[in-house]
Amino acid sequence: MIIKTDDVSDGLMHYGIKRRSGRYPWGSGEQAYQHEDFYKRYLDLKNSGLTEKEIADSMGITTTKLRARRTIAYNEQLAQRQHRAYELEKKGYSRAKIGEIMGGLNESTVRSLLNPSSRARANASTIIANNLKETIGKDGAVDIGKGVEQYLGYSQDKLKVAVAMLEEEGYTTHYIYTKMGGPNHTTVKVLAAPGVTVRDLVNDRSKIKNIGMSLDEPHEGGVGIKKPVSLDSKRLGVVYAEDGGTERDGVMLIRPGAADLELGGSHYAQVRINVDNSHYLKGMAMYGDPDQFPDGVDIIFNTNKKRGTPIEGTGDNSVLKPLKRVTNPDGTKGDVDWSNPFGATIDPIKGQYEYDDPKTGKKKQSLVNKVNDEGDWDDWSRSLPSQMLSKQDISLAKRQLGIDLDRRQRDYDEIMALENPVVKANLLKSFSDECDSAAIHMKAAAMPRQRTQVILPIPSLKDNEIYAPNFRPGEKVILIRFPHGGKFEIPELTVNNNNKEARAALSGSKDCVGINAKVAERLSGADFDGDNVLVIPNNRGEIKTRSALEGLKNFDPKTAYPKYEGMRVMTKREKGREMGIVSNLITDMTIKGAPWEDIEKAVRHSMVVIDAEKHELNWKQSERDNQIDLLKQKWQSRGDGKYGGASTLISRSKSTERVPERELRSAKEGGWIDPETGEKVYVETGREKVVPAKKDKDGKVISWKTVPAESVTVKMDLAKDAYELSSGTAMEGIYADYANSLKSLANQARKSYLNAGSFKYDPQAAKTYSQEVSSLKAKLNTALKNAPLERKAELLSDSLYEAKKAAHPEYEKDDLKKLANRCLNEARIAVGAKKQLVDITDKEWEAIQHRAVSKNTLQQILQNADPDRVKQLATPKQGVAMSASLIARARSMLNRGYTQAEVADRLGVSIDTLKRNVTTKTKVADNG
């Protein structure tokens, strides 16, 4: 049974067993159920017709314990017989005579008893047990979860027996929760030395070892990024607002040829650069014209700050931002936190790199630290979020949601046509999960040729022009930035890919567009430090726009609502909450048809809120001036005299809700799927947790209380019918029908999952495809080896997270979420945890289709393979292929400065086909 600790703040639970008395589960001497007596009684009960479950119940133990004890007893008897046969052989007896002396054994049985490899197999669990003992030591523990057997060289069953043997000696099994800085957690199963408690392991997670692995410990300053190299501020020039800095606000121009600032083959990147070990540059880096750099200056940074603002000042009174520092116990700022000096995630591998020093020829660390690189933005989602599409015409929303539903129905039909039941079941489960998620997020199908692009400044472009190398010259496109206020924030522009300034700086670029500062301002005040937009061709005017709202023209929140003496400044947490409130208000007002003058007030207030914490604005006065409370009464009425909060399906679907802690129903209780409806079945855990009841003035907990544990979910997940969340508008009806169709499709897929069919392994096919089967198993073993490393990384991540959280008490919810992700990334690097997916070749897939691998092995392969690759193999869709000569022409044109759109049009293919063929072929060629 599972006994869960009262104090879940320790993140643990204890695994207990029935019939335990004192230190040993079944006693330490010759008890009734030990050794030969146990095995004899087991055989007697088995021969009497009892099932394993009935035998286990009669002994007061679980079937798992029964099997382990049976194996232990059998191995002990086998070892005794092997020893007896070996001793008789030493005395000179023949194998026939040995068999006779030992009770009439035939010669083949005696030969097996004398075989050294057979003896080694019989002792396998003892060998594992000794290995575990040595690793655990006197006061430690060892991870015994999935994947550990890969390092032992024995099966998981052998490991289970070894664990059971050590439990006989007083070792105990525990489950340790890893907190991961949030509501989700992973459980690590460990075997601990006698007397070691769960609390001991939680308080010192370094006691938990890993068998057969050599793991690095975190070095001082963290285990993630290298300490960023410092740029001498003498090499930095600044262009202030009065000198044109606003036109390129957030962009740093790099002098071509400055080796330590090269962008690693990219045209542009979102970067952070350490300056004087005290401040840092934040924004988009791109190469500038060599003639514009004064002597000694290698970076020109553009800012909307006015002349006189110090380059390296404090707080907001500075062009550069101060490096992040740890907080001392007394609340003062301490040293720079070199594990996270920029407050952003820098990939230690891709984000930090080396260059060749032109003077010494040696490798040195670059000054550049990349957050996002050229090409990253093009990989982002291309769907249409509900907060944008719901503010357009109903006909467009209905069409794009319908396209998405049709695609999902085709995917389901293709999966159902598969003949391999294991593959079918795997894809059906993934498909049902995707439908559940889609019902919550309600993202519609993308418009044709829609792309996510990063914006860069091209001041010479007109207010109605855009440089967009992935789009056709002369066509109309619209830009959408998130968070999205409405049609008034959507500029429509004409593609001009002949602009000389843009072609000189960005020719051949992958995923950017160039616009001027006025267009950026129309995009709810976007700047050029890495902001991205959806770019959608709009030649037929299907996406509606309107002119900017009069009340927003030239509106400057910093001037309109400055801080007054004694005013309490908005916190980060308040900013997040208030932005959510006003964003939902704008969405609900738009869907319900509010007049533009009302929407204008809400948008104006949102502009104040978004800058209130950073620039210390008087957001409370803005709330009063813009009559936000009155707007909530008018447009967010609940019908019971109350108002406020999300009131339409679009804003309510992702709203969180707390429910008693629940988990999917176990197979023993009937399974996690209702066979009649296909719905997921949850059961309440009944778990309780201990939380602070009272704190003193210094924040120290002085008393505790026990409360029921809760799970956090969203309203759409709980709703049986999406109309339960609707206020009744026509647009909500379109989305409710879409969500309900997805829920129905998910349930249908789960019912099909239960009836996917039986699988029959084909031994003859295994022989035919023996090479492919061996290759698949080798790849699977490599993939499984990552599981223990991942758990070790999560344990280490917990320790890193708690230490860094203590160093930054000022961190709010969003900061802590980013911190948790960084700590996990650092810990993975420290222990070498890296998911290596099973890469299935076409020939290996052929072997799978002919059932050359067992059901269990195939299930593990599918769990550890790239789901997109599995889907591609299982439901192949032929993409358009380009000939070798066409690919060569495409490369030649790209190298001569043609844009991707120009090349695609000239060659008569789509941009996606061009990218798929040219990029893939180039990667293959580069790899030799």
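Tutor: A charge sits over a ring if NZ of Lys or CZ of Arg is within 6 Å of the ring centre and within 35 degrees of the ring normal. Please keep in mind that the model we are reading is predicted.

Student: How far from the centre of the ring of Tyr682 is the charged end of Arg662?

Tutor: For an Arg, the atom to follow is CZ, and the cut-off to the ring centre is 6 Å. The charged end of Arg662 sits over the ring of Tyr682, and its distance from the centre of that ring is 3.7 Å.

Student: Which residue has its charged end over the ring of Trp596?

Tutor: Here the ring belongs to Trp596, and the charged end lies 4.6 Å from the ring centre. The residue that carries this charged end is Arg546.

Student: How many aromatic pairs are there?

Tutor: Rings of Phe, Tyr and Trp pair if their centres lie within 6.5 Å. Counted by this rule, the number of aromatic pairs in the model is 6.

Student: Is the pair of Tyr268 and Trp377 stacked, edge-to-face or tilted?

Tutor: The two ring centres are 6.3 Å apart, and the planes meet at 45°. Planes under 30 degrees apart would count as stacked and those over 60 as edge-to-face.

Student: At what angle are the ring planes of Phe488 and Trp596?

Tutor: The ring centres of Phe488 and Trp596 are 5.9 Å apart. The pair is edge-to-face because its planes stand at 90°.

Student: Is Trp596 buried, exposed or partly exposed?

Tutor: Phe488, in the loop between strands S21 and S22, is linked by this pair to Trp596 in helix H18. Phe488 has a relative accessible area of 3% and is buried. Buried means under 20% and exposed over 50%, so Trp596, at 33%, is partly exposed.

Student: Which residue in S24 is the bridge partner of Gln453?

Tutor: Strands S19 and S24 run antiparallel and are joined by 4 bridges. In S24, the partner of Gln453 is Val533.

How values were computed: Residues are numbered from 1 along each chain as its sequence is written. This is a predicted model: local features need pLDDT of at least 70, side-chain atom pairs count only at pLDDT 80 or more; totals for chains, interfaces and linings use all residues. Side-chain values use heavy atoms; hydrogens and water are left out. Helices (H or I, at least four residues) and strands (E, at least two) are DSSP runs, numbered from the N terminus. Buried means under 20% relative accessible area, exposed over 50%, partly exposed in between (1.4 Å probe, protein chains only). Two strands pair if DSSP finds at least two bridges between them.
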